[in-house]
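Thank you all for coming; I would like to walk you slowly through a structure that may be new to you. Please have the sequence and the model open beside you while I talk.

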Amino acid sequence: MSLKTLAPQILTSPTLRSLGRGRHALQRRLSGKPRTLHAFIQRDEAYSQLLVQALPRLAERYAVEIIWHEVSPPERSAAPEPEKLAAWSLEDARYLAEAYQLDPGEHDLPAMSAPAHGDALRARLGHYGSAMTWFEGEWYWSLDLLHHLERRLGSGDDLIFAPIAEPDHTGGGSLEVFLSLRSPYSYLAAMRMFDLAEGWNARLTLRPVLPMVMRSLPVPATKRFYIVRDCKREAERYGLPFGKIADPVGKGVERGLAILIGEIERGRGKAFLQAFMTAVWAGGVNAASDAGLRRICDRAGVDWTEAEADLAREDWRDIVEANRLDLFAGGHWGVPTFKVGERMAFGQDRLWLAGQWLRADA
């Protein structure tokens, strides 16, 4: 096993996570300090406004203290489309506020440390973003991941901020999905969205794009580490394998996209997409090699002769670029993004919103 494959397995190890939690808990008990949440708030950000309302509810139920830190917006390397992010945040916060019975407007903020202190502490603890909660070694973003924190604090399944459930029935319609073969969040969506779309009687259209790093938008190390750990927690929740990673960036992504576009055209995109994603995010398969790619094709039932013909094509590049342009034209930039009609929602944990739109349109 290569070091590149072994490193993410160690990073996402549940055993290592449990040991870290135990070490922090022991240090707290020995010091006599209370359980304390550190909240990192961006003053003018919609998600931070929601977190200011949410965390006191957790503090009351679970007898924890909160220390508030003001932070600056993330650097452009971590949020490469800040204007699009700000616009989506305002819209998305309204959906979250309605789901969790909060107020999406501006609120008086608690007393916070100065931004310089907050930025320094955030960096020292290993993050880059805002609307983040840190508790004893782990990070939780906005409201969406507070259910993981609540389970740590001891509530079992009686959660204040339980994950929002996808509708169990809709009346058809069309769901477009913009995704990247190098995005672990796209993997989490790809392994769930086909069954959901089938249950909703909705037509699903795949719109793959090149990953950001292959569009000259490098991802900082702190963001990569957080994403991998976060995806591991979410994969466990969905019952999906994750962590034996063979990053397909570069040649692996390009070859995978060439075959995926061919399979989409043949009406068989689901099998290859899921086989590819499982192989690179959970199986440690090198998609850049002929041997690895052939293993993926075999698992997906793709004839290697057809795959070789796909690999000889170059028009797939025009298709994925057209997808990217459509994604940006809709005011979005990241993946996975779901489109229903003219509405678009970003994030693997927004399938519930896509389902609600489909139901409303039925």
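This is a predicted model: local features need pLDDT of at least 70, side-chain atom pairs count only at pLDDT 80 or more; totals for chains, interfaces and linings use all residues.

**Helix packing, a sheet and a pocket**

On the helix 3 side the contact is made by A46, Y47, L50 and R57, while helix 4 brings W88, S89, L90, D92, A93, L96, A97 and Y100.

Which residues meet where helix 4 and helix 15 pack? From helix 4 they are W88, Y95 and L96, and from helix 15 they are W352, L353 and W357; the contact holds six nonpolar residues, with no polar and no charged ones.

Let us turn to the sheet, which is open and is formed by four strands in the order 2-1-3-4, with mixed pairing. Its edges are strand 2, residues 65–70, and strand 4, each of which pairs on one side only, and from one strand to the next the twist averages 25 degrees. Strand 1, residues 36–41, runs parallel to strand 2 and is joined to it by six bridges, and F40 stands opposite H69 of strand 2. Helix 9 packs on this sheet, where it touches strand 3, residues 132–135, and strand 4, and its direction makes about 80 degrees with that of strand 4.

Helix 9 and strand 4 come up again at the second largest pocket, where the elements giving two or more residues to the lining are helix 2, residues 14–31, strand 4, residues 138–141, and helix 9, residues 221–238. This pocket holds about 530 Å³ of space, and among its 23 lining residues L11, R17, G137, E138 and R229 lie nearest the centre. Which element gives the most to the lining of this pocket? That is helix 9, with seven residues, and the lining as a whole divides into seven nonpolar, seven polar and nine charged residues.

Notes:
Residues are numbered from 1 along each chain as its sequence is written. Side-chain values use heavy atoms; hydrogens and water are left out. On a 1 Å grid over the protein atoms alone, a cavity is a set of points where a 1.4 Å probe fits but cannot get out, and a pocket is an open set with protein on both sides within 12 Å along at least five of seven lines; lining residues have an atom within 4 Å of a point. Grid points are joined across faces, edges and corners, and a volume is the space filled by probe spheres set on the points. Ala, Val, Leu, Ile, Met, Phe, Trp, Tyr, Cys and Pro count as nonpolar, Asp, Glu, Lys and Arg as charged, and the others, Gly among them, as polar. Contact means heavy atoms within 4.5 Å. Two strands pair if DSSP finds at least two bridges between them. Axes are lines fitted to C-alpha atoms, for helices over the stretch in contact, and angles run from 0 to 180 degrees between N-to-C directions.
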